[in-house]
Amino acid sequence: MSTTPATPAATPDAAPRKRRPPRRVQVTRVQTLSPLMRRITLQGAELEGFEVNDPASYMKLIFPEPGQTEPERPLPDAPRPKSMRTYTPLAVRNDVNEVDVDFVLHGDGPASTWAAQAQAGQVLYLMGPGPGYKLALDAPLHVLIGDDSALPAFETILAALPASAQVQVLVEVVDTAEERPLQSAAKVETQWLARGADNTQAGTALEAALRKAGAPAADARIYLACEAAAMRSIRKLLIEELGVERSHIVGRGYWKLGTVNHPDHDYGEDA
Ligand SMILES: Cc1cc2nc3c(=O)[nH]c(=O)nc-3n(C[C@H](O)[C@H](O)[C@H](O)COP(=O)(O)OP(=O)(O)OC[C@H]3O[C@@H](n4cnc5c(N)ncnc54)[C@H](O)[C@@H]3O)c2cc1C
């Protein structure tokens, strides 16, 4: 069993490293999980060798620019494509070169608008994967705190935990229509919180619920991923008011209110 504390791994934006070649993939299936969440299956021979080792890993998806039916294959050393965004590889099926991706349909931006119209046969480019969350498997409790954009990451963490693990999931979504069962062998308690359609309220319901619940069990390991300012505020609450050991929290700003393509390496450690 690992005793390594959960720490964020460096991402390609944090340190120079050789970029993996882009992989051309095609949509093979589109499923509606809830009014604002679509699961899209991407498949392609170029996914050969696409190996994801940690839960909550990430990859970069490149979407078509306006007027393009298919994005251009990014060239080595060319500037990063404007329509490139960060997503979580969910289920990876190497035997058939497939990966599932869950998209929040938040209504703005190249990724969300592409996902809302996605159909079988459409093409994207995919880069990665990059490293994810190092699970402390011997932790007495795993706490997952986040919004709808982090649900795919939570699902990969839940899938990686053994039956002996105890997990508390606190997830903020727009409304109750977004609630759905989360699969895991572990013992999972899930609390769904509705924030309403006003994105300026992102994280408010999470913070209020945490304040009400009080300090989590000692030595709990916390994965916290949501809107960037909300993540900072919740991180502060956990450390300064609820007494959580800083090193037991991995914070990730998954998106930022009013910001296009928020960087994928925002851990909120400045807060
Ligand atoms: C490691 C990592 C993994 C991620 N995994 C997933 C995933 O699996 N599924 C997923 O849906 N998202 C995921 N995200 C979040 C996703 O990268 C962002 O939401 C991204 O900004 C979406 O790009 P876009 O083109 O739709 O919007 P952008 O062009 O980046 O932004 C346009 C506008 O939309 C707003 N916006 C962006 N995202 C959201 C949101 N989720 N809710 C409300 N408003 C938003 C921005 O504030 C901005 O005003 C992940 C992020 C990280 C860092």
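Q: Among contacts in the protein between residues at least 6 apart in sequence, what share joins residues at least 24 apart?
A: Contact here means heavy atoms within 4.5 Å. Among pairs in contact that sit at least 6 apart in sequence, the share joining residues at least 24 apart is 71%.

Before going on: this is a predicted model, where local features need pLDDT of at least 70, side-chain atom pairs count only at pLDDT 80 or more, and totals for chains, interfaces and linings use all residues. Residues are numbered from 1 along each chain as its sequence is written, and side-chain values use heavy atoms, with hydrogens and water left out.

Q: What radius of gyration does the protein have, and what would a compact globule have?
A: The radius is taken over C-alpha atoms, and the globule rule is 2.2 Å times the number of residues to the power 0.38. For 271 residues that rule lands near 18 Å, and the protein agrees, at 18 Å.

Q: Which strands stand at the edges of the open five-stranded sheet?
A: Helices (H or I, at least four residues) and strands (E, at least two) are DSSP runs, numbered from the N terminus. Two strands pair if DSSP finds at least two bridges between them, and here the pairing is parallel, in the order S10-S9-S8-S11-S12. Each edge strand has a single partner, so one side of it has no neighbour in the sheet; the two are S10 (187-194) and S12 (249-255).

Q: In S12, what is the bridge partner of Leu224?
A: Strand S11 (residues 221-227) runs parallel to S12, and six bridges join them. For Leu224, the bridge partner in S12 is Gly251.

Q: Which elements do the buried residues of H4 pack against?
A: Buried means under 20% relative accessible area, exposed over 50%, partly exposed in between (1.4 Å probe, protein chains only). In H4 (residues 228-241), the buried residues include Met231, Ile234, Leu238 and Ile239. They pack against S8, H3, S11 and S12.

Q: Which residue's side-chain oxygen reaches the backbone nitrogen of Ala229 at the start of H4?
A: Ala229 lies at the start of H4, and its backbone nitrogen has a side-chain oxygen within 2.9 Å. That oxygen belongs to Glu227.

Q: Is Asn97 buried or exposed?
A: Asn97 sits in the loop between strand S5 (92-93) and strand S6 (98-104). Not counting residues up to four places away in sequence, Asn97 touches Leu42, Gln43, Gly44, Ala45, Leu47 and Glu48. Its relative accessible area is 15%, so Asn97 is buried.

Terms used
The expected span of a helix is 1.5 Å times one less than its number of residues. A polar contact is a pair of N or O atoms within 3.5 Å; within protein, one must be able to donate a hydrogen and the other to accept it, and residues adjacent in sequence count only if both atoms are side-chain atoms.
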